[in-house]
Amino acid sequence: MKAILAGCLAFLAMVSSGCDKDKDDARLQDNNRIPQVLTDNFNLTVMNTVVLRTHMRNELKLSGPYTVFAPSDQAFQNAGFANGGAILGSSQAYIDGLANYHVVPGRYELNKMPFLFNQEIKSFSGKLFVTRWVKNNDTVLTVNGSRLLSSGIAASNGYVQVVDRVLEPYRHERISDAVAGEASLTLFQHALRTAGMAAMLDGAGPFTIYAPSNSAMQAYGFASIEAVDATDPETLRAILRYHIAADRRFVNDYILSAGTATSTTQGMINNNSVKVTLIPDPQQPGNFTGITLKGTGNTAEVKLSRRDIIAGNGVLHITDQVLRINQ
């Protein structure tokens, strides 16, 4: 009896080992996992380099599932990386950050998500915000305000979604820290502190801030930090509250929500509105490349010098003028 039992156990161990080997062989023979999809797509060579040079090379060979938001090669070129070799000139920490931020655990078919703005999903290193909306009878999908170029390239262990911009991993959970981290916003940041408003921006939010650059603040009359200090805090609060919206708004959100119009408005926390005008795309009539702003007291359009800087509790844009309530 003992001999028979021992034989049965040995047989079961052999079968189990054989099954494990079969699974390993199947995984090795699967040529449709995400790394292979990236390798085979001629438009994703830089993202393929990012994956190959990080731990994601092995992670994405597993069963997952995963969803990879892969910037096109053109998107990387627009971000200053002409090819895979160019991005290898960056630090390993930067490349690791890109890989972690662009990969989401789980299988996300964005074209099946609700028609809503900025629905939160979580990547390996932070939050992403997905919008699905209808514009001129076309369904548009965006991630952190970047357009989805392909709604899903299927892999055996997930999806590859191609986007038109590199998604910069956010460095700050609080938008107040994002403002403080921008060298061109020292006067605006000091004004927030002097006015006692920095703590408000540490809350859950979300917030969108249209922050005037140092040169914009100087043109308005705040020539230095000392000039900010000399201003009555209540006066500062009145100015600053016209630069903050209690919402998360990427540039493309305005383009989508405007419908067939070429302008819309944005309400600020001072209960006044700013006019938002869409910038036409000269290469593609009917499309738009960005926005300008105009406060009730501005005589000229206010332009964005930087856009869509993401923080954990909001979005930061940098403007070339102060938004004015009065002329």
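Two strands count as paired when DSSP finds at least two bridges between them. Strands here are DSSP runs of E with at least two residues, and helices are runs of H or I with at least four, numbered from the N terminus. With that in hand, let's look at this predicted model, where local features need pLDDT of at least 70, side-chain atom pairs count only at pLDDT 80 or more, and totals for chains, interfaces and linings use all residues. Residues are numbered from 1 along each chain as its sequence is written, and side-chain values use heavy atoms, with hydrogens and water left out.

- Seven strands make an open sheet with mixed pairing, in the order 9-8-14-13-12-11-10.
- Strand 9 (244-245) and strand 10 (263-267) sit at the edges with a single partner strand each, so one side of each has no neighbour in the sheet.
- Inside that order, strand 12 (residues 288-294) pairs with strand 13 (residues 302-311) in the antiparallel sense, over 2 bridges.
- Leucine 293 stands opposite valine 302 in strand 13.

**The hairpin**
- Strand 3 and strand 4 form a hairpin, with 4 residues between them.
- These two strands run antiparallel and are joined by 4 bridges.
- Glutamate 120 stands opposite phenylalanine 129 in strand 4.

**The whole protein**
- You'll find 13 helices and 14 strands in the protein.
- Its C-alpha trace spans about 95 × 45 × 40 Å along the principal axes.
- Of its 327 residues, 45% are buried.

Notes: Buried means under 20% relative accessible area, exposed over 50%, partly exposed in between (1.4 Å probe, protein chains only).
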